[in-house]
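Take a look at the structure below. Then follow the text from one feature to the next.

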Amino acid sequence: VDDDPQIRDIFYEMLTRFGYQCSTAADGRQALTILQEEGDISIVIADIRMPGMDGIELIKEIKARHAGADVISITGYAGDFTFTDVINAGASDFILKPFTENEVQAKLSRVMRERQLRTDSITTSSRLRELNEYLENVIDSSLACMVIANGGGFITRVNTSFVRLVGREKQ
């Protein structure tokens with residue numbers, strides 16, 4: 001997303017060479033329309049200084065409407081916004097013009113790795129919840145009395161058979 005057509009063309013050519021599928025937008029409103037229509041965009045690279053909606057506003061809108069999309073901000077005017085400004089707005093990274101292909105590729109690779117780590121973490125957490133529920137069901141449905149204690153010797157869990165044997169309610 002950049003109001004300068006030359007910058008858009010440079011990024012389009014560079015990113016397609018890197019193997020990414022790309023769409024371009026001349027301003028923030030057009031970018032939001034593309035995000036709404038295409039829906040599955042992973043990363044948005046957006047200039048900060050644009051007419052109408054600036055990059056900080058665009059970042060906030062993207063994060064509010066498309067929380068799964070990461071944003072990398074670019075600018076040639078480092079004095080107007082700081083790295084902290086764009087990160088606090090919700091961006092994943094910041095590129096200062098002039099930039100190199102290696103810099104862009106490195107930042108994209110890092111963002112993609114972080115996206116994969118988030119996905120892996122969500123998958124692992126979900127699987128752990130499923131396994132914990134299964135284990136809780138196995139323990140609770142066992143006919144044998146079970147008492148589970150932590151490393152300090154404190155009872156952390158008893159099953160239904162134990163409660164019936166002792167004759168007390170679980171607390």
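**A pocket and a pair of helices**

Start with the largest pocket: its volume is about 640 Å³. Keep in mind that this is a predicted model.

What lines the pocket? In total, 26 residues line the largest pocket. Those nearest its centre are Gln 21, Cys 22, Ser 23, Ile 41 and Ile 43. Find these five in the structure and you have found the middle of the pocket.

Next, see which elements supply the lining. Helix 1 (5-17), helix 2, strand 1 (43-47) and helix 5 (101-141) each give two or more residues to it. Helix 1 provides the largest share, with 5 residues. Sorted by class, the lining of the largest pocket has 18 nonpolar residues, 4 polar ones and 4 charged ones.

Now turn to helix 2 again, this time with a partner. Helix 2 covers residues 28-38, and helix 3 covers residues 55-65. Their axes come within 10 Å. How do the two helices lie relative to each other? The axes cross at roughly 15 degrees. Angles under 35 degrees count as roughly parallel, and helix 2 and helix 3 are therefore roughly parallel to each other. Their crossing is right-handed.

Which residues make the contact? Helix 2 contributes Gly 28, Ala 31, Leu 32 and Leu 35. Helix 3 contributes Leu 58, Glu 61, Ile 62 and Arg 65. By class, this contact has 5 nonpolar, 1 polar and 2 charged residues.

Notes. Residues are numbered from 1 along each chain as its sequence is written. This is a predicted model: local features need pLDDT of at least 70, side-chain atom pairs count only at pLDDT 80 or more; totals for chains, interfaces and linings use all residues. Side-chain values use heavy atoms; hydrogens and water are left out. Axes are lines fitted to C-alpha atoms, for helices over the stretch in contact, and angles run from 0 to 180 degrees between N-to-C directions. Helices (H or I, at least four residues) and strands (E, at least two) are DSSP runs, numbered from the N terminus. Angles under 35 degrees count as roughly parallel, over 145 as roughly antiparallel, 65 to 115 as roughly perpendicular and the rest as oblique. A crossing is left-handed if the near helix is turned anticlockwise from the far one by less than a right angle, and right-handed if clockwise. Contact means heavy atoms within 4.5 Å. Ala, Val, Leu, Ile, Met, Phe, Trp, Tyr, Cys and Pro count as nonpolar, Asp, Glu, Lys and Arg as charged, and the others, Gly among them, as polar. On a 1 Å grid over the protein atoms alone, a cavity is a set of points where a 1.4 Å probe fits but cannot get out, and a pocket is an open set with protein on both sides within 12 Å along at least five of seven lines; lining residues have an atom within 4 Å of a point. Grid points are joined across faces, edges and corners, and a volume is the space filled by probe spheres set on the points.
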